[in-house]
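Please find below a briefing on the fold of a single chain, arranged by topic.

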Amino acid sequence: MVPTPAPDGRAGIDAALVERLIAAQFPRWSGLSVTPVEVDGWDNRTYRLGDDKTVRLPTAAGYVPAVAKENEWLPRLAPSLPVAVPPVLAKGEPGEGYPHPWSVRGWLPGETAARGHIDDMRQFAVSVAEFLRALQRCDTVGGPLAGEHSWYRGASPAHYDDETRRCLAALEGRVDTVRAAPVWDAALAAEWRGTPVWFHGDIAGGNLLVEGGKLTAVIDFGTSGVGDPACDLVAAWGMFDGESREAFREAVGQDDGTWARARGWALWKALLVLSGCIDSDREQAAVSRRVIDAVLADHARFG
C-alpha cells in the first residue's frame, strides 16, 4: 500500500501558505507554480515547485528533527548510493504562521513502487537489497544514533513492547495471537550486538521510485539513522513474496537474529495498523493480515 492523496490543507498546510513562504524567504523562486503531489505521505506535506523542485513541510513537531538531519546527511550519503536520493536545495525557516523549519528539494522523476509499475519483482527486490547494502557501507562517523528522531527505528523493537502486547490482547480471537506472540518474543530475545550501520527506517513502496520498471530513487529519510539495520528488512513481507522475497533475503544477507528482529518490526506495525482499522477499513485490514500471515509463516520456517 502507498499513501493516499489527502485534500490540500491537511495539518494547516496548503498551497497558499507555501506560496507565501517561498515569496518571503526565496523570492528567486516566487511565481513558480505550487501544487500538491499526487501521492503524499503522513509525516510531511510535499508540493511541486515549478517543474524541478519540491517543498517539504513537517505536519507536526515530532517530525521536525528530520529536516536538519536530512539536510545535513543526504548530500553526504548520496555519492555512495546506487540510486538517487532527494537533492537538498534550501532550508526554510518558520514564518507566515507556520511554526516549523522546512526544506526545498530537487524533484526526482518516477512513480511509486506499486506492482503495476515494476517489470520484474525479483530483480526489483535485488535492487532494493543492493541499495540497503550500499547504505550500510556508508561512513557512520558523526551520524545520528537511533532514538527519538528515528522513532526508534534502528534501536531495539523492545521500545514498542507494551504497544505490541496491547495489540495482541485487543486482537485475540481475530488473528492467530497464539502463533504471533512467540514471534514477538523471539524478536526481543535476538538482542543486537553488531556494529552500527546506516538504516533508512521506512523501506516501503511509497518511498521507492521506479522508472522503466526499475528502482531509480529512494526518498523520505526522515526515520533514518545509525544503528541496527533490522527495521529495513520489513519489505520482505510488506512488498515481496515467493521468488522476490527469497531473492531479497539472499541479496540483503543478514544473520538469523537480525531477521528475527525484522519479523518483530513487521509484526508490530501490522498489528498496530490492524487494531486501528479492522472494523473500519476492509482493504487496509486485509493488507495487514497478509503481512501477519507471512511473518508467522516465515517464523515457522526460520525461527
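This is a predicted model: local features need pLDDT of at least 70, side-chain atom pairs count only at pLDDT 80 or more; totals for chains, interfaces and linings use all residues.

Residues are numbered from 1 along each chain as its sequence is written, and side-chain values use heavy atoms, with hydrogens and water left out. The chain contains nine helices and ten strands; helices (H or I, at least four residues) and strands (E, at least two) are DSSP runs, numbered from the N terminus.

**Overall form**

- The chain has 303 residues and a radius of gyration of 19 Å, which agrees with the value near 19 Å for a compact globule; the radius is taken over C-alpha atoms, and the globule rule is 2.2 Å times the number of residues to the power 0.38.
- The C-alpha trace spans about 60 × 40 × 35 Å along its principal axes.

- An open sheet of five strands has the order 1-2-3-5-4 with antiparallel pairing, where two strands pair if DSSP finds at least two bridges between them.
- Its edge strands, each pairing on one side only, are strand 1 (34-36) and strand 4 (88-92).
- On average, neighbouring strands of this sheet are turned by 25 degrees against each other, direction ignored.
- Four bridges link strand 4 to strand 5 (residues 102-106) in the antiparallel sense, and Val88 stands opposite Arg105 in strand 5.
- Helix 2 (residues 65-77) lies across strand 3 (53-58), strand 4 and strand 5, at about 155 degrees to strand 4; axes are lines fitted to C-alpha atoms, for helices over the stretch in contact, and angles run from 0 to 180 degrees between N-to-C directions.

- Three strands form an open sheet in the order 6-8-9, and the pairing is antiparallel.
- Strand 6 (111-112) and strand 9 (214-218) are the edge strands, each pairing on one side only.
- Strand 6 and strand 8 run antiparallel and are joined by two bridges; the bridge partner of Glu111 in strand 8 is Val210.
- Val210 also has a bridge partner in strand 9, namely Leu215.
- Strand 8 (residues 208-211) pairs with strand 9 in the antiparallel sense over four bridges, and Leu209 stands opposite Ala217 in strand 9.
- The hairpin of strand 8 and strand 9 has two residues between the strands, and Gly212 in the turn has a positive phi of about 60 degrees.
- Helix 3 (residues 121-137) lies across strand 8 and strand 9 and runs at about 30 degrees to strand 9.

**Packing of helix 4 and helix 8**

- Helix 4 (residues 161-170) packs with helix 8 (residues 256-277) at an angle of about 50 degrees, and their axes are 9 Å apart.
- Helix 4 and helix 8 are therefore oblique to each other; angles under 35 degrees count as roughly parallel, over 145 as roughly antiparallel, 65 to 115 as roughly perpendicular and the rest as oblique.
- Glu163, Thr164, Cys167 and Leu168 of helix 4 make the contact with Trp268, Leu271, Leu272 and Ser275 of helix 8, contact meaning heavy atoms within 4.5 Å.
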